[in-house]
Amino acid sequence: MTCIFFRERVCLVSEILERRRNMKIGVTQIILGNDSLDETLQLCQDAGYEALELVFGEGRDLDVNMSDDEVRGVRERCDEAGVEIGSSIGQYAERGSLLSLNAGEREKGQRNLARSLEIAHVLGVDAVLLHPGQLTAEGTYEQAWDGMLGVMREMASAAEEAGVAIGIENVWNKFLLSPREMAAFVDAVSSPWVGTYLDTANMMAYGFPEHWIRGLGSRIVRVHFKDFLRKEHRFVPLMEGDTDWSGVMAELRGIGYDSYVIHEVGGDRKVQVEMARRMKQIVAL
């Protein structure tokens, strides 16, 4: 069974990579505040971003409750602007947590993920970002693991039906703190439709992105670019921290990753234009 699962994952990743031969740079709406879609697309055109991570939320320009026709309209606007949609997120105001021992909170998190998959399917996007929620001191680590694992196994079939991979992000939530642990969790779900959305800086306070890339391999479905300065324990603009970008790019190419790289660095328009320039430098390494 394990061999069949890994063959399925490799085949799925190969199909995705075949469609995207060139690594393309992009920006996520997570760090663009209340910018409208039109303003975001204009930024992409002006700065040279090839892709965009869309964020659908309640009360946003891109509302999570949009009809399918309205979501298709979003896709059309991106296509007209010549900007690809690399990934997407859909979230209600009540996000819940897949790590909570409270079934109601897990259900809220699952509802968000289900809607995220629905929107991505209508958009024609094949990956969504998943923030699992925050781990608390309540209960045991194993209970949080089992609770989230149960949800992910259930949602894997929905992801397959939608044709959308779920990327679990390594975030500062006190959960899945090593590449070995992340790999074990993804493998326990046992579906090629559940993988990792790798953030290159979120582990740098206690680890190295190179280890995560080597350890996760084909489990990586998308990548966020960030940078981190260890001596000051803070995120910094790309190429101003301790990230060995040549090493990161070599490792990504070594596992055959050739999909979108989306940066998640906050800042005004000038900063966003500069980050596009630096991303082009990084992917050329």
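The legends below describe close-up views of a predicted model.

**View 1. The largest nonpolar core of the model.**
This core holds 84 residues. Tyr49, Leu54, Met152, Ile166 and Phe225 have the most contacts inside it. Helix H5, residues 141–162, supplies the largest share, with 10 residues.

**View 2. Surroundings of isoleucine 166.**
Ile166 is among the residues with the most contacts inside the largest nonpolar core. Which residues touch isoleucine 166, once neighbours within four places in sequence are left aside? Leu113, Leu117, Val128 and Leu130 are among them. Met152, Met155 and Ala159 also make contact with isoleucine 166. Trp193, Val194, Gly195 and Val221 complete the list.

**View 3. Strand S6 and its burial.**
Strand S6 spans residues 194–199. Six of its six residues are buried, so the strand is largely enclosed by the rest of the structure. S6 pairs with strand S5 and also with strand S7.

**View 4. Strands S5 and S6 with helix H6.**
S5 covers residues 165–169. S5 and S6 run in the parallel sense, paired over four bridges. Glycine 167 has glycine 195, in S6, as its bridge partner. Between the two strands, the chain passes through helix H6, residues 179–189. This β-α-β crossover is right-handed.

**View 5. Strands S6 and S7 with helix H7.**
S7 covers residues 220–225. Its pairing with S6 is parallel and has four bridges. Aspartate 199 stands opposite histidine 224, a residue of S7.

**View 6. Cysteine 44 and cysteine 78.**
How many disulfides does the model have? The count is zero. A disulfide would need two cysteine sulfur atoms within 2.5 Å. The cysteine sulfur closest to that of cysteine 44 belongs to cysteine 78, at 8.2 Å, which is too far for a bond. Seen from cysteine 78, the closest cysteine sulfur is that of cysteine 44, also 8.2 Å away and too far for a bond. Are these residues buried or exposed? Cysteine 44 counts as buried because its relative accessibility is 1%. Cysteine 78, at 0% relative accessibility, counts as buried too. The cut-off for buried is under 20%.

Methods
Residues are numbered from 1 along each chain as its sequence is written. This is a predicted model: local features need pLDDT of at least 70, side-chain atom pairs count only at pLDDT 80 or more; totals for chains, interfaces and linings use all residues. Side-chain values use heavy atoms; hydrogens and water are left out. A nonpolar core is a set of buried Ala, Val, Leu, Ile, Met, Phe, Trp, Tyr and Cys residues joined through side-chain atoms within 4.5 Å. Buried means under 20% relative accessible area, exposed over 50%, partly exposed in between (1.4 Å probe, protein chains only). Contact means heavy atoms within 4.5 Å. Two strands pair if DSSP finds at least two bridges between them. A crossover is right-handed if, with the strands pointing away from the viewer, the path from the first strand over the helix to the second runs clockwise.
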